[in-house]
Structures are given as C-alpha cells and as structure tokens.
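Dear colleague,

Please find below the structure that I am handing over to you, together with its sequence.

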Amino acid sequence: MKRLLTRSARVVLNTLLPPACAACGTEVMTDGAFCSTCFQAAHRIVSPFCHRCGVPLENEGLGGAQSCCAVCEAHPPVWRSARAAFVYDAWSRRLILPLKYSDHTENAAVLARHMTSAAGDMLKTVTVIVPVPLYRTRLWKRRYNQAGLMAQGISRLAGVPCVVDALQRVRSTKALARLSAGEREREMEHAVRVRKGRENRICGQAVLLVDDVLTTGSTAGACTEALMKAGASSVDILVAARTGRVDEQNPRYVQE
C-alpha cells in the first residue's frame, strides 16, 4: 500500500511539475535524467585516465602499464586512487555550482548516481564513506555541505556506511580557487582533523573520501593525511568532476 501511494503521489507531482533536465531545465521523462542534448554534451571521464588522480589522459600510452600520469609518477599523491564522474567544464559547472551556491540540493542525488557509476570496483574495496568538511561558519551560511549530500547519496546506492561528520575543519581557510598549487597546500596545512569521538569509525577502515571537484589535490591531501593519522587503512577519492588534463609534451596539469 505504501509503495502504491508513493507511486501515485509521484504521478500527480510529475503531472503538476514535469521532470526537468538536471543540467538545463528542459522537460524530460524521469527525475534526474539529462535531455538528449545534455547527455551528448556531458564530458564523462572514461578510460584512459590516471588511476591515482583521476585526470583524463589523451591516450593509453601516457599512463603506461600502471595507468599513472606523469605528474603522479613524479609526485605520488598521499591517497591510493581517485575517480571522477565528469571533467570540470562549462557543462558540469551547471550541475555543481547551483548545488554549492544556489540551494539546488536536488543536484546532489543526480551527481551521486553518476559518481557511483564512475567509481566502479572502487566501491567494492571501501568500508566507509566520508565527505570533505566545510568550516562551521561556511556551513552555517550555506546550511548544508554539498559533499555530505553526495556522500550520503553514494552510501545509499552502494550500501556502504557514511560517517558524514567524521572530518572537521579546525580553522577557516581562504577560497582556494584563485590560489596556486603551492598556496593551496600551505593554506590547507593542519586545517583538517578527524572529529573527536569519530576515531573509532575511521581506525582500520578503507575510506572513500567524497568531494565535488578535485583540482590540485590540496584539500583531498589534507583530509587524507588526517584520516591516515587516525588509523585509516587506505583512502580513495571520488569526486563529481576533475579539472585539467596532462600535457603530453610538458607533463603537468593544464586547467581547462
């Protein structure tokens, strides 16, 4: 009976408010779906990509036998592996920025579904999901943590427990978008720790760290170090979108 009532309510709601494309607002058949134009425009990250940082590679030869980009080979990240659903570009920003800044929390479920799909076998090796935290004043202002919403969505889809408050930002940090890689790393130093009372949920666990965008990895690195210090057996990264690509002639990240 409950299932029938839920289905009936959904039919009525869809009649009054037809489902819209999560990216552009065009009417679609089902909630969370993309219209045909956006489906084709979405730049999903599929093989070949660097298995350490998730950056898309122009060809399989750039990753070598280990599927590792030149940047990660020269400077291995502190986490074990990383995956991203989309390239961070004008199209994916239409999903991510409204979620972060305009209360479009419904986009979290859409992104979580695509992130779960992109994670593949990674979700078979993790035992707990943890979101990147916001500093308390930013959380109070925004009223929600977009990484937490996505982490909870992935948890429901994958059947892996989520500890939404496992990590804590202990001080406010500058907005990282306009900072260089080195400045980001210095800004995030000692800015994150495992929340007191949550160490037992992290110690010995294979942690999946969830965030919206992976750029230089300074935030993910600070979170990973805090999790490893608390006894995590491993940390993998799963994000909605990944910036950059690897320049074949001059191995470094190139911002799109």
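**The open sheet**

Four strands form an open sheet with parallel pairing, in the order S1-S6-S5-S2. The edges are taken by S1 and strand S2 (128-131), each of which has a single partner strand, so one side of each is left without a neighbour in the sheet. On average, neighbouring strands of this sheet are turned by 20° against each other, direction ignored. Please bear in mind throughout that this is a predicted model.

Two of the pairings may be described in detail. S1 is joined to strand S6 (residues 234-242) by six bridges, and the two strands run parallel. Within this pairing, Ala82 has Ile237 in S6 as its bridge partner. Strand S5 (residues 206-214) also pairs with S6 in the parallel sense, over eight bridges. There, Val207 stands opposite Val235 in S6.

Helix H8 packs on the sheet and touches S2, S5 and S6; the direction of H8 makes about 130° with that of S5.

**The protein as a whole**

The protein has eleven helices and eight strands. Of its 256 residues, 48% are buried. Among contacts between residues at least 6 apart in sequence, 70% join residues at least 24 apart.

**Packing of helix H5 with H8 and H4**

Helix H5 (residues 106-119) packs with two helices described here, H8 and H4.

With helix H8 (residues 146-158), H5 packs at an angle of about 55°, and the axes are 8 Å apart. The two helices are therefore oblique to each other, and H5 passes H8 in a right-handed crossing. On the side of H5, the contact involves Ala108, Leu111, Ala112, Arg113, Met115 and Thr116; on the side of H8, it involves Leu149, Met150, Gly153, Ile154 and Leu157. The residues of this contact divide into eight nonpolar, two polar and one charged.

With helix H4 (residues 90-101), the axis of H5 comes within 9 Å, and the crossing is at roughly 135°. H4 and H5 are therefore oblique to each other as well, but their crossing is left-handed. Arg94, Leu95, Ile96, Pro98 and Leu99 in H4 meet Asn107, Ala108 and Leu111 in H5. This contact is made up of six nonpolar residues, one polar and one charged.

Ala226 lies in helix H11 (residues 218-229). Is Ala226 buried or exposed? With a relative accessible area of 10%, Ala226 is buried, because the cut-off for buried is under 20%. Leaving aside its neighbours within four places in sequence, Ala226 is in contact with Leu167, Val192, Arg193 and Val194. Of these, Val194 is 32 residues apart from Ala226 in sequence, while their C-alpha atoms are 6.1 Å apart in space.

**Backbone features to inspect**

Most residues other than glycine have a negative phi, and most peptide bonds are trans.

- Ser47 and Pro48 are joined by a cis peptide bond, with omega about 10°. Pro48 is placed in the loop between helix H2 (36-41) and helix H3 (70-74).
- Asp103 has a phi near 65°, a positive value in a residue other than glycine. Asp103 belongs to the loop between H4 and H5 and is partly exposed, with a relative accessible area of 40%.
- Arg143 has a phi near 80°, again a positive value in a residue other than glycine. Arg143 is found in the loop between helix H7 (136-142) and H8, and at 58% relative accessibility it counts as exposed.

With kind regards

Conventions: Residues are numbered from 1 along each chain as its sequence is written. This is a predicted model: local features need pLDDT of at least 70, side-chain atom pairs count only at pLDDT 80 or more; totals for chains, interfaces and linings use all residues. Side-chain values use heavy atoms; hydrogens and water are left out. Two strands pair if DSSP finds at least two bridges between them. Axes are lines fitted to C-alpha atoms, for helices over the stretch in contact, and angles run from 0 to 180 degrees between N-to-C directions. Angles under 35 degrees count as roughly parallel, over 145 as roughly antiparallel, 65 to 115 as roughly perpendicular and the rest as oblique. A crossing is left-handed if the near helix is turned anticlockwise from the far one by less than a right angle, and right-handed if clockwise. Contact means heavy atoms within 4.5 Å. Ala, Val, Leu, Ile, Met, Phe, Trp, Tyr, Cys and Pro count as nonpolar, Asp, Glu, Lys and Arg as charged, and the others, Gly among them, as polar. Buried means under 20% relative accessible area, exposed over 50%, partly exposed in between (1.4 Å probe, protein chains only).
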